[in-house]
There are 2 protein chains.
Amino acid sequence: MRAAVLRSGELVVDEVDEPVPGEGQLLTQVLACGICGSDLHARKHLHRFVEAANASDGPFFLDATRDIVMGHEFCVEVLEPGPGTTGFDAGDIVVSMPTSIDAAGNIQAIGYSNDYPGGYAERMVLTAMVTMKVPNGLDPRHAALTEPMAVGLHAVNKSAIKRGEAAVVLGCGPVGLAVIAALRLQGIEPIVAADFSPARRALATVMGAHEVVDPRDEPAIAAWRRVDGVNTLVLFEAVGVPGMVRQAMADAPRWARIVVVGVCMEADTFWPMVGINKELSLQFVLGYDPIEFGATLRAIAEGDIDVVPMITSSVGISGVPQAFDDLADPDAHVKILVEPALG
Amino acid sequence: MRAAVLRSGELVVDEVDEPVPGEGQLLTQVLACGICGSDLHARKHLHRFVEAANASDGPFFLDATRDIVMGHEFCVEVLEPGPGTTGFDAGDIVVSMPTSIDAAGNIQAIGYSNDYPGGYAERMVLTAMVTMKVPNGLDPRHAALTEPMAVGLHAVNKSAIKRGEAAVVLGCGPVGLAVIAALRLQGIEPIVAADFSPARRALATVMGAHEVVDPRDEPAIAAWRRVDGVNTLVLFEAVGVPGMVRQAMADAPRWARIVVVGVCMEADTFWPMVGINKELSLQFVLGYDPIEFGATLRAIAEGDIDVVPMITSSVGISGVPQAFDDLADPDAHVKILVEPALG
């Protein structure tokens, strides 16, 4: 089948082996798959990505010298249940957590695996146990955003933020926007967001931020002091470049909680005394659990979260390498979908 | 009066102005005051200490070019209540949070103030509001350890550790030992501790650690895996040198909580991807609240925490500079008390 393949740090469009569903698995056809910022990181810093994964005892185990088909934000159509797999039929439109569990209990991260191709391909094998049918006739292109929006919900849940507390979101890329949507859905106010890009700032407002600033004009925390300044503050770091955590710690008020949801591949610095003097906490977050994933799918299907404004373009498999380059311009794109039917 | 003065980064014994109690304050005579590792840091890195304090909007505001009388772990005798101060009489033996609040509401940290001399002096002014009488005829030298032991209780409370969870304590200086005592009092098991010093390892066992290792022989987390390895883990970083947080993050199991209670004066590095992949949290902690301070005083007075093994020496004010040097040897000393009556 055709796929966009990460090979020696380059994205190439090539033929790869057809995936074969095992027990408890489903052979599916990809309808839409979002391109994630982590995939851009992984292409650019593959060895560091693999090194960090191995240093963390997972959750990803990758061999950087072998082919990887990325893509973990997908909506697919079931082609054929694997042997003994029940609960799904050909034609079902489904989403799935990008986690593969085989009959022997081996777990792999779909999209960051040498064995399980992700959604930048014509077909995928999914695990029925973590697959959910798309309800309400939801457009598969919108259902594909379940995964990134679930990241936002999980970050918000891990922060333990509650009504009466304030939120600052640093960075309005897809992760920051997903955090904003989840905060808005939980009734948090104010939500103050910051991004250098005018397009992303506009989108932050659409997704639910109450106050959005260009940090060159006014730092996000100064904006929060202006519009609130009183309630307990939770900061979401969704930029993911070195120096952001240190700056957030420097700017944060005493007892603030900082949630690190932006993936920074490099080693970074911080100043422990500032953390100690202000009794800050840093909570690093990753992914979501099945309940959060399902809740997000329902929220999108029921119109509680409108993901349409986030989708800025669609490309076929042959367009994936160019789309990765295009995503470098934050004013041009937020979420580009790969739709294999487009070619 | 006589005092050991931090002047231009050097400790000198000199005469300083007599402190004068204001409204709501108490003039007291120092009976015993422990030397804290933070004071060693402050002497060695005064400018960095002041810079970090100012970058944090407090809680310390210091002018490094003016005299500072340190000492914030004290037990004193009331000499004379200030004007309008009620509730205390001359002769009362008391401890106090090292926080001065004047009639105008200005807050200063006693021991890190240019205006309020700390306990390395003959006399001090305390604020009645945060002062507590020492019960049960407790020896003032033991009551002086209320402050450092309260630091351990606060760190344990902020960690939200509960029975059924495991603890690893990195570093068995006074802070690590205080954490161990508080963990033991809360029924946490196992408590695994690590220190390079044989004397401190022995003391960790006395204070309540179940398993104590030399990290050169076996890393603390490896020891935890050996004796437990199953329960949720809370790590207390009580060493306070660069690289400890990064190493703790590298060694920690997934979902571990890391409590940073060791004061590291320098900028430090960490690897965000490791934090993200394991969903770690870092909680920085400082001090204690009045309830924790009072609970610690009671625990010592009632024999629930035995601080006697921690006290390794007493000196007069003239012995303070040498005591600071002596504390550099972790096998020789844990807590040295300054007792002005000794000269």
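Phe270(B) is buried, at 0% relative accessibility. Its counterpart in chain A, Phe270(A), is buried as well, with a relative accessible area of 1%. Keep in mind as you explore that this is a predicted model.

**Where the chains meet**

- Phe270(A) and Phe270(B) make an edge-to-face aromatic pair, with 5.3 Å centre to centre and 90° between the planes.
- This pair crosses between chains: Phe270(A) belongs to strand β15 (residues 268-270) of chain A, and Phe270(B) to strand β15 (residues 268-270) of chain B.

**A link within chain B**

- Tyr120(B) and Phe324(B) form an edge-to-face aromatic pair, 6.0 Å centre to centre with 90° between the planes.
- The two residues lie 204 residues apart, so this pair links distant parts of the chain: Tyr120(B) is in the loop between β7 (107-109) and β8 (123-127), while Phe324(B) is in helix α11 (residues 320-326).
- Tyr120(B) is buried at 0% relative accessible area, and Phe324(B) is buried at 2% relative accessibility.

**Charges over rings**

- In chain A, the charged end of Lys133(A) sits over the ring of Phe88(A), 5.4 Å from the ring centre.
- In chain B, the charged end of Lys133(B) sits over the ring of Phe88(B), 5.5 Å from the ring centre.

Key
Residues are numbered from 1 along each chain as its sequence is written. Chains are lettered from A and ligands numbered from 1 in the order in which they are written. This is a predicted model: local features need pLDDT of at least 70, side-chain atom pairs count only at pLDDT 80 or more; totals for chains, interfaces and linings use all residues. Side-chain values use heavy atoms; hydrogens and water are left out. Rings of Phe, Tyr and Trp (its six-membered ring) pair if their centres lie within 6.5 Å; planes under 30 degrees apart count as stacked, over 60 as edge-to-face and the rest as tilted. Helices (H or I, at least four residues) and strands (E, at least two) are DSSP runs, numbered from the N terminus. Buried means under 20% relative accessible area, exposed over 50%, partly exposed in between (1.4 Å probe, protein chains only). A charge sits over a ring if NZ of Lys or CZ of Arg is within 6 Å of the ring centre and within 35 degrees of the ring normal.
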